[in-house]
Amino acid sequence: VQVGDATEALEVADVVLARAFAAPAETWRVAERLLRPGGRVLYWAGLGYEPERDGPLGVEITLLTSPVAEAGPIAIMTRT
């Protein structure tokens, strides 16, 4: 686990967590350079999040119900 500014991170990982970071497309842009092939970004989406509208292009999105239901879903973003 590495905690810190994603724009300064140098290591690559299988999973990157993003919470209260940026809009989905910007989060993906910053995080994708940190991912190994097949890696995923776990993005805490807001209640109004719609994958078709808000998701980055060229990214597969799977939604999970957040354990805090009123917080909105967790979007798992994977490069297609």
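**Contacts along the chain.** I began with contact order in this predicted model, taking contact to mean heavy atoms within 4.5 Å, and found that residues 24 or more positions apart account for 48% of the contacts in the protein chain with a separation of 6 or more.

**Ground rules.** I number residues from 1 along each chain as its sequence is written, and I leave hydrogens and water out, since side-chain values use heavy atoms. Local features need pLDDT of at least 70 and side-chain atom pairs count only at pLDDT 80 or more, whereas totals for chains, interfaces and linings use all residues.

**Fold and dimensions.** I read the secondary structure as DSSP runs (helices H or I, at least four residues; strands E, at least two; numbered from the N terminus). The protein chain has two helices and four strands, and their order along the sequence is β-α-β-α-β-β. I then looked up the radius of gyration (over C-alpha atoms, with the globule rule as 2.2 Å times the number of residues to the power 0.38). The value for the protein chain is 12 Å, close to the 12 Å that the rule gives for 80 residues, so the chain is as compact as a globular protein of that length. Along the principal axes, the C-alpha atoms fill a box of roughly 35 × 25 × 15 Å.

I call a residue buried under 20% relative accessible area, exposed over 50% and partly exposed in between (1.4 Å probe, protein chains only); 34% of the 80 residues count as buried. For the nonpolar core I took buried Ala, Val, Leu, Ile, Met, Phe, Trp, Tyr and Cys residues joined through side-chain atoms within 4.5 Å. The largest such core has 16 residues, and those with the most contacts inside it are Val16, Trp28, Val41, Tyr43 and Met77. Two or more residues each come from β1 (13-18), α1 (24-31), β2 (35-44) and β4 (74-79).

**Residues of helix α1.** I set aside neighbours within four places in sequence and listed the contacts of tryptophan 28, which are Leu35, Val41, Pro56, Val59, Met77, Thr78 and Arg79. Threonine 27, also found in helix α1, counts as buried at 1% relative accessibility. With residues up to four places away not counted, threonine 27 touches Ala18, Phe21, Ala22, Val41, Tyr43 and Met77. Alanine 31 lies in helix α1 and counts as buried at 4% relative accessibility. On the same exclusion of residues up to four places away, alanine 31 touches Val16 and Val41. I also noted that the C-alpha atoms of alanine 31 and alanine 6, 25 residues apart along the chain, are separated by 7.0 Å.
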